[in-house]
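User: I would like to go through this model and ask what stands behind each label. Please set the values against the cut-offs.

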Amino acid sequence: MDPSLPARRLNLEQTAGFETAFRSFAQDCVRQAGCPLGGRGTTPAQAGERLKEFFDRLDAEPLPPVTPAAAGSPSPWPPPA
C-alpha cells in the first residue's frame, strides 16, 4: 500500500483486499465437509451470508469476556498488588 495515497483510497484498497481474501477462503471452505460456514453444497455467497448472520447475532448478544484464567490458562501477568 502506498502511504502517500489519501486515507479514503487506502481504505477502499484495503477493503478490496479483505474481500478477495474472504472470497478465496469461502471458496475453499465450502469444498470441505467440516466447513463451519456450510460445507459441501454451500456457495461462497451463502457462506458470506452465514458469517454475516453470525456477526449480527454477536452484535445483538455479545459474548462475555474470557480471561486466560477462566479459559484454563495461566495468566501471563502477575496478580495485582
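User: What makes Arg 9 and Glu 13 a salt bridge?

Analyst: This is a predicted model. The side chains of Glu 13 and Arg 9 meet at 3.0 Å, N to O. The cut-off for a salt bridge is a Lys or Arg side-chain nitrogen within 4 Å of an Asp or Glu carboxyl oxygen, so the label applies. Both residues sit in helix 1, four residues apart, and are therefore separated by about one helical turn.

User: Why is Glu 13 called partly exposed? And why is Arg 9 called that?

Analyst: Buried means under 20% relative accessible area and exposed means over 50%, so a value in between is called partly exposed. Glu 13 has 32% and Arg 9 has 44%. Each of these values falls in the partly exposed range.

User: How many salt bridges does the structure hold?

Analyst: Three. Besides the pair of Glu 13 and Arg 9, there is a bridge between Arg 23 and Glu 19, and another between Lys 52 and Asp 56.

User: How do you know that Arg 23 and Glu 19 qualify as a salt bridge?

Analyst: Their N to O distance is 3.6 Å, and the limit is 4 Å, so the pair counts. Arg 23 and Glu 19 are four residues apart in helix 1, about one helical turn. Arg 23 is partly exposed at 42% relative accessibility, and Glu 19 is partly exposed at 41%.

User: What makes Lys 52 and Asp 56 a salt bridge, and where do they lie?

Analyst: The side chains of Lys 52 and Asp 56 meet at 3.0 Å, N to O, which is within the 4 Å limit. Both residues lie in helix 2, four residues apart, about one turn of the helix. With relative accessible areas of 45% for Lys 52 and 38% for Asp 56, each is classed as partly exposed.

User: Which residues make the contact of helix 1 with helix 2, and how do they divide by type?

Analyst: From helix 1, Phe 22, Ala 26 and Gln 27 take part; they meet Pro 44, Ala 47, Gly 48 and Leu 51 of helix 2. Five residues of the contact are nonpolar, two are polar and none is charged. Gly counts as polar under this scheme.

User: How many aromatic pairs does a search of the whole structure find, and what makes the pair of Phe 22 and Phe 25 tilted?

Analyst: The search finds two aromatic pairs. For Phe 22 and Phe 25, the ring centres are 6.1 Å apart and the planes stand at 45°. Phe 22 and Phe 25 both lie in helix 1, three residues apart, about one turn of the helix. Phe 22, at 24% relative accessible area, is partly exposed, and Phe 25 is partly exposed at 45%.

User: Why is the pair of Phe 54 and Phe 55 called tilted?

Analyst: The ring centres of Phe 54 and Phe 55 lie 5.8 Å apart with planes at 50°, so this pair is tilted. Phe 54 is partly exposed, with 38% relative accessible area; Phe 55 is partly exposed, with 43%.

User: Where does Phe 54 lie, and how far is Phe 54 from Leu 37 in sequence and in space?

Analyst: Phe 54 lies in helix 2. Phe 54 and Leu 37 are 17 residues apart in sequence and 9.6 Å apart in space, C-alpha to C-alpha.

User: What is the secondary structure of the chain, and what share of the residues counts as buried?

Analyst: The chain has two helices and zero strands. Of the 81 residues, 10% count as buried, where buried means under 20% relative accessible area. Among contacts between residues at least 6 apart in sequence, 8% join residues at least 24 apart.

How values were computed. Residues numbered from 1 in each chain as written. Predicted model: local features only at pLDDT ≥ 70, side-chain atom pairs only at ≥ 80, totals over all residues. Heavy atoms only, no water. Contact = heavy atoms within 4.5 Å. Buried < 20%, exposed > 50% of the residue type's maximum accessible area, 1.4 Å probe, protein only. Phe/Tyr/Trp six-rings, centres within 6.5 Å; stacked < 30°, edge-to-face > 60°.
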